[in-house]
Amino acid sequence: MSDKAAQHARELLLKEYQGVLSTHSKAMPGFPFGSVVPYCLDGAGRPLILISRIAQHTHNLQKDSKCSLLVGERGADDVQAAGRLTLLAEARVLDEADTAAAAAHYYRYFPHARDYHLTHDFDFWVLEPVRGRYIGGFGEIHWINQLALVNPFFGERGSSMLEHMNADHAKAIAHYVELAGLSGEGAAEMVGLDSEGFHLRLGRTLHWLPFPRPCGDPGAVRQALVELAHATQWPAREA
């Protein structure tokens, strides 16, 4: 397994925001049970999901926490040639102490989820990665043991940076949208930051865009965003 394969698998997990959650069926023992779920990554780089207590997949996880999340490239013309990742994981419901930070993070990505979370019995769960199977295309197949990467901008530190960008740098965000060739309804909003890039939300569609180089602190993020604001094309990632 190469570091590059792990990076590509993690980028796929960042670029997409929904996948097929497979659990062990409680009603039909021995059979897998698949459900489509939206997700974003938490501060530890783990998929964070919000699921109903009455849903079948929740009952399955309560009986057996072992599961997988299948994520593939959206809009691929040839699904057999496109990138896809099967993340084997152990699911764990968040305790009350961790829920507030998770909710604030999740709602930026999926603001419509706030209503049904407050009016129905939904809980946040994290999928603790155990191992990943990444296929980048024909002949590019890897087992990945270390996939998650800690996000230094999770929580209040990142929230203040996002609020600043959305309030004071709407023109720069619009330029990022144009530079990346994105389209969608309404103005874009920056909803997430991590050391490798950032998320924009256009309507209900999420897009992850890479920094020119990894950024470990706010100063590096600022430099990268200024560079992108003046770029005429999206720069290639530095090795």
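Biologist: How do the residues lining the largest cavity divide into nonpolar, polar and charged?
Modeller: Happy to sort them, keeping in mind that this is a predicted model. The lining of the largest cavity is made up of 23 residues. By class they divide into six polar, five charged and 12 nonpolar.

Biologist: Which residues lie nearest the centre of that largest cavity?
Modeller: Let's begin with the elements around it: α1 (3-15), β3 (40-41), α3 (96-109) and β9 (189-194) each supply at least two residues of the lining. The space inside is about 210 Å³. Nearest the centre of this cavity lie Leu14, Leu41, Asn151, Asp194 and His199.

Biologist: Turning to pockets, which element gives the largest share of the lining of the largest pocket?
Modeller: That pocket has a volume of about 270 Å³. Among its 13 lining residues, Met165, His169, Arg222, Leu225 and Val226 are the closest to the centre. Two or more lining residues come from each of α5 (156-168), α6 (170-180) and α7 (218-229). The largest share, six residues, comes from α7.

Biologist: And which strand gives the largest share of the lining of the second largest pocket?
Modeller: Here the volume is about 160 Å³. Leu206, His207, Trp208 and Leu209 are among the lining residues, as are Glu73 and Arg74. The strand with the largest share, four residues, is β11.

Conventions. Residues numbered from 1 in each chain as written. Predicted model: local features only at pLDDT ≥ 70, side-chain atom pairs only at ≥ 80, totals over all residues. Heavy atoms only, no water. 1 Å grid on protein atoms, 1.4 Å probe; cavity = no way out; pocket = protein on both sides within 12 Å on 5 of 7 lines; lining within 4 Å. Points joined across faces, edges and corners; volume = space filled by probe spheres on them. Nonpolar A, V, L, I, M, F, W, Y, C, P; charged D, E, K, R; others polar.
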